[in-house]
Amino acid sequence: MKQIQDILVIDDEPMVTRVVIKVCTAEGMTATAANHANDALRCLDEGEFRLILCDIMMPELNGFQFLEELSKRGVQTPVVMMTGYSTVENAVRSLTSTGAVDYIPKPFTADELLIVIRRSLRCGMLLNEAESASLPRSGAMSYVPCPANYHRLGYASWALMEDKGTALIGVSDLFLRAAEGIKAFELSLPGEDLLQGIPCTEMTSPDGSIHNIMCPLSGRILEVNTQAQSDPSLVERDPYFRGWLYRILPSNPASDLQWLSF
Amino acid sequence: MLNSKIGLKLTFGVALTILVVIAIFAYFNIQSDNRSLLTEVERAAQQYSDHLKADMGYDMLHNDRKRIQDDVRRIGKQGTIDGIRVFNKMGEVIYSSDSAEIGKMVDIKAATCFRCHLTGRPVKRLQKQEHMRFFRTDPDSPRQLGIINPIYNEPSCWTAACHMHPESQTVLGVLDVTMPLSKVDQNIRNSQVAIIILAVSAIIILSVIIGFLVRWWIDRPVQDLLMATRQVAGGNLGYRVEVKREDELGMLARSFNSMTDNLAEARLQLFQSDKLASMGRLAAGVAHEINNPLTAVLTNSSYLLKRSQGQSELQEDLQVIVSETIRCREIVKSLLDFARQTVPKKRKADINEIIHRAATVVENQLSMGQVELVMDLDEKLAKVTVDANQIQQVFINLMVNASDAIGEDGGTINISSRAISLGPAGTLQIKRALCRKRHDLVDRKIQIDGKPAISMRYKKNKETGLIHLNPMYGSNKHKLNGMTDFDKEVELMCPDCSASLMADGEFCPDCGSRIYAFEVPLKGLVQGCLKEGCGWHRWEQVDSSWNDEYVEVKVTDNGCGIPQEQLPKLFEPFSTTKGQKGTGLGLAVTWGIVDNHNGTISVESKLCAGTTFTIRIPVGP
């Protein structure tokens, strides 16, 4: 019987793995560190984990190759990518092409890290429940009961292209459930620029955790859904229609959309 | 003399051609000389032989054999004749200048006879030239000319008293005169030698002349160009070929120079975009390198902050560490955003429409801040060639700035657009100015109105120092550092190489003072007069081709204004008037966009009264 641990953290920088383990154990979670991807694969042979935190830029096997190796081995543990701002485009890629569930831009505070870890653990649980309810599982995306013609960035946010060239942006129901509800939104103002893969809104859940929602499309905000801002439960009740967050003018839709899944 | 292969090849080629032409010419000349000399000799010999025959005819009619033989011997002794023989039809020598020959038979196959008797039966009459034969008695002896003159039967012959010849005979005998050709051959040889000497000296003289011409006209300019290409290949893009002539090679030198100029300009632009690109790479690299240590600091400090509840002093310090680390994170992020700037994609666009679009974007923000937006747009504006997205960003930046300046009490932003016409003076910024040795006079350390100035060194008697000219063409707001008296004694020169910047032999058309001149790459010479109160200037290439159509947009707010001392640095990166709120990149980006569109942006501001930004963009092609 394999021993089950909560977290496996992979980073070639020991300083990072050390602090992540410190934070996790202080919160009562069990965690193991690996300094490179091959080391991590050995850990996975020896034990089971509920969540994997993985850096993208690593020597030998990088984060993407590690994800590919996982899918080859049939490992279904949810993976959260850790990335610098310079590799945000890569992080976006990791969500669609290789099926990581989330990512967290470095540097992060202890709270930001814990929020992402808890949310992803719950997300993993929700996906497992879906699987045990014998729903077909081909990655996180298949779970989300998202309307057709909506483009999704991972399981977190969605974008809908409108006829006049604008786009609507919102948050997915799986994200809302993983975050365990919603208390308030901190939305940006019209005229501001949003960048794909960079947080576009801060969402506060009932326990006070602040969740960053990654923006699915780059563009300039034209309009903010003030109704959703004043009544956050609207987003929870109807996340795909009346609960949209922004109307934006996409600056580079063609190249942005290729990283999103339908 | 020729150290380049092309000169050598060309000279050899031309010399060879001359050699062939002169050789052919000499050959035909010698041939024709020979022919005419021989013809003359033949004609003389024929005449001589005819005379002799006529002379002997009388004696023959009288059958005075002794007298004939005496005549033959006498004549035969002359230097011009080698021998005379007369033989009868049977081939028997009857008379001869050589008495020993008399009575001998001549072989029918001998040269004298075979002309007529070659085919076995005698030819009735021979052509004149067939009477001649050239021969040598032995291979080493001089050539001789033999001429046979048949003596035909005539009525006087068969009616003569001696009844020697019956009427039925056609030819009675043959007069054979042999003449020496040694003199003629000597003449021919002399003339051949003369022609050959002439030809050889012509070839030598022409080759030398052509060699020199090739050296002067081709070799030297080609060497100069070769030298220039080596210099340019070695990276010296300031090298110029001296243009000395107006022929094709001169034009080649000229286009080489302008190609090098273009190359230098392109390299400069490449440097600029390369700088941006490397800034992007640098930022990305910095972000990656700095993010790991920042993660350790931020996560640890925020973790400690979480655990240190109840120890307020410790918490305060940790809070500082956390918030400052988060600030570092934001700086890295804005650096990356700044490095993501793109090149403008210019198209014809309506500037009013761009203003309207920008206004819709900020509308909500403005109405929340109780800011009223008043537009005063000239609806008949010509379309301008711009990157609409970038220009829209400019207007959004300015409107957001204006709304920030207005603050929470509300106010008005006024946007107006109009068509204006602008001359190059005061509009065009000189971004590069070159001395004769191609040093850039634009000095980024000295700025006038926030723009890098043009620096020159002056020398007056023994006094020397630097002056800085305003880079805005036509502006007389210079930094002359107290130097005002620009009389004839003053020399202006390049601060780097001391090459003179005074225009040779040209004087200010307004005041007659000496003028300065420098080159703007690809845009010709800029000239100007520094005499106090004159300010004459000329930039021929720009003055003549200037399109003066501009669109001017003013964004005015009645907000808090900008302190005077902050104005000069307003458009520099990381200068912000908003304190913690701004990144200090907004106006730098705005300035960069306007500059990329060859436009200008200026600001006027009064504390507590408001600020006006004026943007002028050329309508363009």
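A: Helix H1 (residues 14–26) of chain A packs against helix H5 (residues 110–132) of chain A at an angle of about 70°, and their axes are 11 Å apart. Helices (H or I, at least four residues) and strands (E, at least two) are DSSP runs numbered from the N terminus. Axes are lines fitted to C-alpha atoms, for helices over the stretch in contact, with angles from 0 to 180 degrees between N-to-C directions. This is a predicted model, in which local features need pLDDT of at least 70 and side-chain atom pairs 80 or more, while totals for chains, interfaces and linings use all residues. Residues are numbered from 1 along each chain as its sequence is written, and chains are lettered from A and ligands numbered from 1 in the order written.

H1(A) and H5(A) are therefore roughly perpendicular to each other (65 to 115 degrees; under 35 is roughly parallel, over 145 roughly antiparallel, the rest oblique). H1(A) makes the contact with Val20(A), Val23(A) and Cys24(A), and H5(A) with Ala110(A), Leu113(A), Leu114(A) and Ile117(A). Contact requires C-beta atoms, placed from the backbone, within 7 Å. By class, this contact of H1(A) with H5(A) has 7 nonpolar, no polar and no charged residues. Ala, Val, Leu, Ile, Met, Phe, Trp, Tyr, Cys and Pro count as nonpolar, Asp, Glu, Lys and Arg as charged, and the others, Gly among them, as polar.

Terms used: Two residues are in contact if their C-beta atoms, placed from the backbone, lie within 7 Å.
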